[in-house]
Amino acid sequence: QVQLVESGGGLVQPGGSLRLSCAASGTIFAIGAMGWYRQAPGKERELVARSGSDGSTNYSDSVKGRFTISRDNAKNTVYLQMGSLKPEDTAVYYCNAIIRESRSTWIYNDYWGQGTQVTVSS
């Protein structure tokens, strides 16, 4: 079984910064892409940033230049450094990872964290 546990959300003023962390644990043989999504009230879940196993990254246009995704493969952890935060960044942020659980399978499964609330408000 695999778990993704997020941390680092909270309340921050506009223009402030926050760092989110997501650690994967359990039965893990390999991790492919890891990423962050967010869902604001009344809106669809959307991609924020994604990090490939090859080191590639991509960002939504709304966060480019303000957010940075990084990962520590030795710790099975992905981070999201958020800066210049705006009220419209307020949402529940979800970690996602594509994980191969054992050597005996080539299948990668899709896992999600429980979400962490980020609120940007003065």
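Tutor: Start with a term: two strands pair if DSSP finds at least two bridges between them. The model here is predicted.

Student: In S11, what is the bridge partner of Tyr93?

Tutor: Thr116 in S11 is the bridge partner of Tyr93. S9 and strand S11 (residues 116–120) are joined by three bridges, in the antiparallel sense.

Student: In which sense do S9 and strand S10 pair, and over how many bridges?

Tutor: Strand S10 covers residues 108–112 and pairs with S9 over five bridges, in the antiparallel sense. Take Ala97: Tyr111 in S10 stands opposite.

Student: How many bridges join strand S4 to S9?

Tutor: Eight, and S4 (residues 30–39) runs antiparallel to S9. Ala30 has Arg100 as its bridge partner in S9.

Student: How do side chains sit in a strand?

Tutor: In a regular strand they alternate between the two faces of the sheet.

Student: How many residues of S9 are buried?

Tutor: Eight of its 10 residues, so S9 is mostly covered.

Student: Is Asp89 buried or exposed?

Tutor: Buried means under 20% relative accessible area. Asp89 has 1%, so Asp89 is buried.

Student: With which side chain does the Asp89 side chain make a polar contact?

Tutor: With that of Arg38, at 2.9 Å.

Student: Which residues is Asp89 in contact with, leaving aside neighbours within four places in sequence?

Tutor: Arg38, Arg66, Phe67, Ser84, Val118 and Val120.

How values were computed: Residues are numbered from 1 along each chain as its sequence is written. This is a predicted model: local features need pLDDT of at least 70, side-chain atom pairs count only at pLDDT 80 or more; totals for chains, interfaces and linings use all residues. Side-chain values use heavy atoms; hydrogens and water are left out. Buried means under 20% relative accessible area, exposed over 50%, partly exposed in between (1.4 Å probe, protein chains only). A polar contact is a pair of N or O atoms within 3.5 Å; within protein, one must be able to donate a hydrogen and the other to accept it, and residues adjacent in sequence count only if both atoms are side-chain atoms. Contact means heavy atoms within 4.5 Å. Helices (H or I, at least four residues) and strands (E, at least two) are DSSP runs, numbered from the N terminus.
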